[in-house]
Amino acid sequence: MSARPTRRQLLGLGGAAALGLGGAFAASPLIGRLLPPGEPGKLLRSRLPLPARHQVELPIPAVLQPVRSDADADYYEITARRATARLLPGHDTEVWGYQGTFPGPTIESRSGRRTVITHRSDLPRPTAVHLHGGHTPQDSDGYPLDLVGTAGHDMHAMHGGMEGMAGMDAASILPQREYRYPMKQRAATLWYHDHTMGFTGPQVYRGLAGFHLVRDEEEAALGLPHGARELPLMIADRSFAADGSFAYPEPGGGRPGVQEPYMNGVLGDVMLVNGAPWPVARVDRAWYRLRLLNAANARRLRLALDPQPPGGGALVQIGSDGGLLERPLRHDSIDLAPAERFDVLVDFSRYPAGTRVRLVNRLGSGPTAEVLRFDVGGDGAADEFRLPERLSTVERLDPAKAVATRTFVFQKDDRHWTINGEGYRPGRALAAPKLGRTEIWRFVTDFHHPVHLHLDPFQVISRNNGDPGRYDTGWKDTVDVLPAQGVEVAVRFNDYAGRFLMHCHNLEHEDMAMMAEFTTE
Ligand code: C2O
Ligand code: CU
């Protein structure tokens, strides 16, 4: 057979995986030739000496204050702009940041209370802002053609060069946009980031990402670790040019997407947590809440504590993308694909004072195998927290009640990443689910693809017709689909009729057209 698999071969393979033959196929030597190697991307090496690890303190992004509040809403204003940041010792890096910072400021919302954010941009390119995990009506969802920017951005120069960018005429650029979030959703770790048609990869890479936390009564009643003991951790790999600037292999000429050799994904060699390289966090011998977010363009992570405390099970998962699990779930390590969030508790009193506990990435090597270090100090302020056996009640979507089953095949063609054989085209919907009805959506892949749905979360019901994986529990909005897998999820869209997106959250795949629309009605 030829070296390059045809679409039919990949489809056949994916179909086989979806039917539960994945195990048998994965064992066959055929797969080794058909599929790219395990790393979902290509390493871009920094052109400067990497800084020593564990030298800087973990920064925590500031919480943004509303400019005003009324009876039922809080109003915020954010401007995206260029700024100089000291990310690496001895170097200046230009970031494109919300309020000029990377990560952007953290927004905190109360469930059920409207949050209204006016975004402006002084960036050289327009931006669309998406609240990832938000249950948001279409007009505030950050559609990739609903742009914010200064006049004079030439959309045709930006997108004219790329096939499949038809429909760009519909783009609109406004000097500011008001994003209205009803926040009719449970407590969860959300994040906001750029979603510009064809340019999401380079723009998130330069810094356009921040946390948006939703809190509610149910969560508050658990008395989870908070204040200095609640740490949002935005983990992202980056590479740097010799002058300290972010290195991203743009195709040049203002064209969208990424240079061809990096089409599988851009991997960096510096691990940043909240924008700092391999930082250190000083912790008390007490319970901590870590809100883990994989904000990398393409890199998958397998996070573990090293050393493990005696008895293991140090990472106590209490929540996933869509909020609290029913009960805590103990892990020795956690796999996170891009855009996934895991809400995790760690009891550092299981370590003696003075222990240095590294958060490591078991899928990395050399510099990318290290992430963060916790230096365990004394007992600190009294720790009242007791881990409850039950956290929440999670409604189970019943697959037997599904009114439709739809299959989406994620695969590469000659030049693009496609869904059901099509590159993204604005205005063309691949599905029209009915609001309030459960459906089964199956995602079938050739390669690693973290599949993400806008509007509402879903529940994983099977992988290759077997049980869901150990990281699939709870409400998810992004699922880590492994090469040649078929993953089935139950999903029910609620409340908002309109046009929404599904896409691969490997940002290079997304920019190279692995995105589609569905309409809810
Ligand atoms: Cu995090 Cu459509 O994106
Ligand atoms: Cu992908």
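1. Two residues are in contact when heavy atoms of theirs lie within 4.5 Å. By this rule, and leaving aside neighbours within four places in sequence, S333 is in contact with R302, L303, A304, L315 and Y471. S333 lies in strand β22, residues 333-336; strands (E, at least two residues) and helices (H or I, at least four) are DSSP runs, numbered from the N terminus. S333 is buried, with a relative accessible area of 18%. Buried means under 20% relative accessible area, exposed means over 50%, and partly exposed lies in between, with a 1.4 Å probe applied to protein chains only.

2. The model is predicted: local features need pLDDT of at least 70, and side-chain atom pairs count only at pLDDT 80 or more, while totals for chains, interfaces and linings use all residues. Residues are numbered from 1 along each chain as its sequence is written, chains are lettered from A and ligands numbered from 1 in the order in which they are written, and side-chain values use heavy atoms, with hydrogens and water left out.

3. On the overall fold, the protein chain has six helices and 35 strands. Of its 521 residues, 61% count as buried. Among contacts between residues at least 6 apart in sequence, 79% join residues at least 24 apart.

4. Strand β29 deserves attention. It spans residues 438-445, and eight of its eight residues are buried, so the strand is largely enclosed by the rest of the structure. In a regular strand the side chains alternate between the two faces of the sheet. In β29 both faces are covered, with T438, I440, R442 and V444 buried on one side and E439, W441, F443 and T445 buried on the other.

5. The partners of β29 come next; two strands pair if DSSP finds at least two bridges between them. Strand β26 (residues 405-412) runs parallel to β29 and is joined to it by six bridges; here V409 has V444 of β29 as its bridge partner. Strand β33 (residues 486-492) runs antiparallel to β29, with seven bridges between the two, and R442 has E488 of β33 as its bridge partner.

6. The structure holds 20 aromatic pairs. Rings of Phe, Tyr and Trp (its six-membered ring) pair if their centres lie within 6.5 Å; planes under 30 degrees apart count as stacked, over 60 as edge-to-face and the rest as tilted. The ring centres of W287 and F385 are 5.5 Å apart and their planes stand at 80 degrees, so this pair is edge-to-face. W287 belongs to strand β18 (residues 287-294) and F385 to the loop between β25 (370-376) and β26, so the pair ties together parts that are 98 residues apart in sequence. Both W287 and F385 are buried.

7. A further edge-to-face pair is that of W441 and F518, at 5.4 Å centre to centre and 90 degrees between the planes. W441 is in strand β29 and F518 in strand β35 (residues 515-520), so parts that are 77 residues apart in sequence are tied together. W441 and F518 are both buried.

8. A nonpolar core is a set of buried Ala, Val, Leu, Ile, Met, Phe, Trp, Tyr and Cys residues joined through side-chain atoms within 4.5 Å. The largest one has 87 residues, and those with the most contacts inside it are L292, L305, F374, W441, F443 and M502. Its largest share, five residues, comes from strand β13 (residues 230-238). Another core, of 20 residues, lies apart from it and includes Y76, A80, V148 and Y181.

9. The copper ion (ligand 2) is coordinated by H449 (ND1), C504 (SG) and H509 (ND1), at 2.0 Å. Donors are N, O and S atoms within 2.8 Å of the metal (3.2 Å for Na, K and Ca); water is not among the atoms, so sites may look incomplete. Along the chain the donors follow the spacing H-x54-C-x4-H. C504 is buried, with a relative accessible area of 0%, and H509 is buried with a value of 0%.

10. A last point concerns R177, which is placed in strand β10 (residues 176-181). At 13% relative accessibility, R177 counts as buried. Leaving aside neighbours within four places in sequence, R177 is in contact with I117, T118, H119, D146, L147, V148 and S172.
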